[in-house]
Amino acid sequence: MTQSLELPVQEFCLDWTLTGDEGARVGIALSGQVSLLDNNRFYKIDGVVYVTEGDAAIRAVGNPRISVRRNGVEKTGRQWGWEMCSARKTLGALNTMEGYFVRTGYWAPADRAIQLSLCAEHGWNRRKSYSPHVTVRMVD
C-alpha cells in the first residue's frame, strides 16, 4: 500500500452498557475514525475501546472479554459479513488501560459504509452478546 493523504475521514462513537446481577452496570465506549487511503482503494479504522463507568461492577457483570467487529455495506445494500477487527480484552484490563486497535482492508468501488459494533464473550462457553452497531458512511 502506498502512502497518501487520508481523505475523507469520518469519526465514530458508540456507547454500550452491560448489565449484571442485582442492577450492576458497566459502560463501555468505542470511538475513533475511519479513513480512506490511496485514492479510495483501502480503508483504515483507528479506534479505542474503554470503560466509561461502573468500574466497581466489572466482576458483577462477569468480566467478559470485549472485542470490536466490523462489517461493510455496498451501494446495493449487500454486506461483507461481520468480522472481528481487534484483540479480545477483559473488562478488567480495559478499566486499567484502553484497548487501541487499527484495521486496514481493501475498499472496492461499490463500497459505501462501514459498520462497527462491540462483542462481549461471557464465561467458559463464550456466550456472546453484541452492542447495537454504528454506521460510518464514507461515500455518498
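Across the whole of this predicted model, a search finds 4 aromatic pairs. One of them joins Phe42 and Tyr106 edge-to-face, with 6.5 Å centre to centre and 80° between the planes. This pair links distant parts of the chain, since Phe42 lies in strand β3 and Tyr106 in strand β7, 64 residues apart.

**Aromatic residues and ring contacts**

- Phe42 counts as buried because its relative accessibility is 17%, under the 20% cut-off, whereas Tyr106 counts as exposed because its value of 52% is over the 50% cut-off.
- Tyr43, Trp80 and Trp107 are linked into a cluster by ring pairs.
- Arg69 lies over the face of Trp82, at 4.0 Å from the ring centre, and the charged end of Arg69 also sits over the ring of Tyr130, 3.9 Å from its centre.

**The sheet that holds β3 and β7**

- Strands β3 and β7 belong to an open sheet of 4 strands, which has the order β1-β2-β3-β7 and antiparallel pairing.
- The edge strands of this sheet are β1 (9-19) and β7 (99-106), each of which pairs on one side only, and neighbouring strands are turned by 20° against each other on average, direction ignored.
- Strand β3 (residues 42-53) pairs with β7 in the antiparallel sense over 8 bridges, and Val48 has Tyr100 in β7 as its bridge partner.

**The β1-β2 hairpin**

- Strands β1 and β2 (residues 25-37) run antiparallel and are joined by 11 bridges, while the bridge partner of Leu14 is Leu30 in β2.
- Between the strands of this hairpin there are 5 residues, and Glu22 takes a positive phi near 55° in the hairpin.

Conventions:
Residues numbered from 1 in each chain as written. Predicted model: local features only at pLDDT ≥ 70, side-chain atom pairs only at ≥ 80, totals over all residues. Heavy atoms only, no water. Pairing = 2+ DSSP bridges. Helix = DSSP H or I, 4+ residues; strand = E, 2+ residues; numbered from the N terminus. Axes fitted to C-alpha atoms, helices over the stretch in contact; angles between N-to-C directions. Phe/Tyr/Trp six-rings, centres within 6.5 Å; stacked < 30°, edge-to-face > 60°. Buried < 20%, exposed > 50% of the residue type's maximum accessible area, 1.4 Å probe, protein only. Lys NZ or Arg CZ within 6 Å of the ring centre and 35° of its normal.
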